[in-house]
Amino acid sequence: MKILVMGAGKMGSFFIDLLSFEHEVAVYERDAQRMRFTYNCQRFTQLDEVRTFNPELVINAVTVKYTISAFQEILPYLGKECIVSDIASVKTGLKAFYEQCGRPYVSTHPMFGPTFANLNQLSEENAIIINEGDYMGRIFFKDVYQRLGLNIYEYTFQEHDETVAYSLSIPFVSTFVFAAVMKHQDAPGTTFKRHMRIARGVLSEDDYLLQEILFNPYTHDQVAQIRTELKELLEIIDTKDAAGMKTYLTKIRRNLKKDLS
């Protein structure tokens, strides 16, 4: 298959490396400097080169802020049968865009990302495939993700956004609060250092990505739960309620056990 990857960032480069030995792969990237570490693929900086290449599948891996605008830029240079796809972690506006773009499409979300995951060992990581897209496109990505050993889930666009609101907004907000109240430690403990590594990783993400995850319409209720739990915990601390603390710790340990089962 002839595959065009849009964007030579971390995830774009990952897909280039992953697919280039079994498919004819090209990358379109306006900034030629970003393509200097790509290999085994054709490198395009001009849209006319995309037209000549005539891809059968496009994987849009640009920064989430520009996902839709990048599609709008490249659509006139694609054949009508070309499948367009995205790997965005934020799907805001994509369903409506796909429904009017006049092309077969597939939308997926590899939920590991390059920040924390070991890209050579992904068996404990997950991927979501939106089940509202083109059948053959979904089969293609399902095969790719299965070969990576990922756990695959098929959701609607709405179910995806609900899942992201839970799985990303809660740890992100918790990390923000930690970073907001932390102060320098000359001799930090192990737990503090682990939280620091997580905070640095999260805050190295693109600002727009963080914003859009938190502006997800399903995020508010998830973050409100944090406020509720903090209020309960603070009351236990203020009253030095040992029995209440034991009950609270039992509850959260039960939650952890349930999540791991």
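Here is a short walk through the structure, from its cysteines to one of its helices.

Keep in mind that this is a predicted model, in which local features need pLDDT of at least 70, side-chain atom pairs count only at pLDDT 80 or more, and totals for chains, interfaces and linings use all residues. Residues are numbered from 1 along each chain as its sequence is written, and side-chain values use heavy atoms, with hydrogens and water left out.

Let's start with the cysteines. The structure holds zero disulfides, a disulfide being a pair of cysteine sulfur atoms within 2.5 Å. Take C41: the nearest cysteine sulfur belongs to C82 and is 17 Å away. For C101, C82 again supplies the nearest cysteine sulfur, this time 10 Å away. C41 is buried, with a relative accessible area of 17%, and C101 is buried too, at 9%. (Buried means under 20% relative accessible area, exposed over 50%, and partly exposed in between, using a 1.4 Å probe and protein chains only.)

Next, have a look at S85. This serine sits in strand 5, residues 83–86; strands (E, at least two residues) and helices (H or I, at least four) are DSSP runs, numbered from the N terminus. S85 is buried, and its relative accessible area is 0%. What does S85 touch, leaving aside its neighbours within four places in sequence? Its contacts (heavy atoms within 4.5 Å) are L57, V58, I59, N60, F71, Y98, V106 and F141.

Now for the rings. Rings of Phe, Tyr and Trp (its six-membered ring) pair if their centres lie within 6.5 Å; planes under 30 degrees apart count as stacked, over 60 as edge-to-face and the rest as tilted. The count comes to eleven aromatic pairs. One of them joins F140 and F141 edge-to-face, 5.4 Å centre to centre with 90 degrees between the planes, and F140 and F141 are both buried. Elsewhere, ring pairs link F71, F97, Y98 and Y105 into a cluster.

Finally, go to helix 8, residues 190–203. At 1.5 Å a residue, its 14 residues should span 20 Å, and the end C-alpha atoms are 20 Å apart, which agrees; the expected span is 1.5 Å times one less than the number of residues. Within helix 8, M196, A199, G201 and V202 are buried. An α-helix has 3.6 residues a turn, so residues three or four places apart point the same way.
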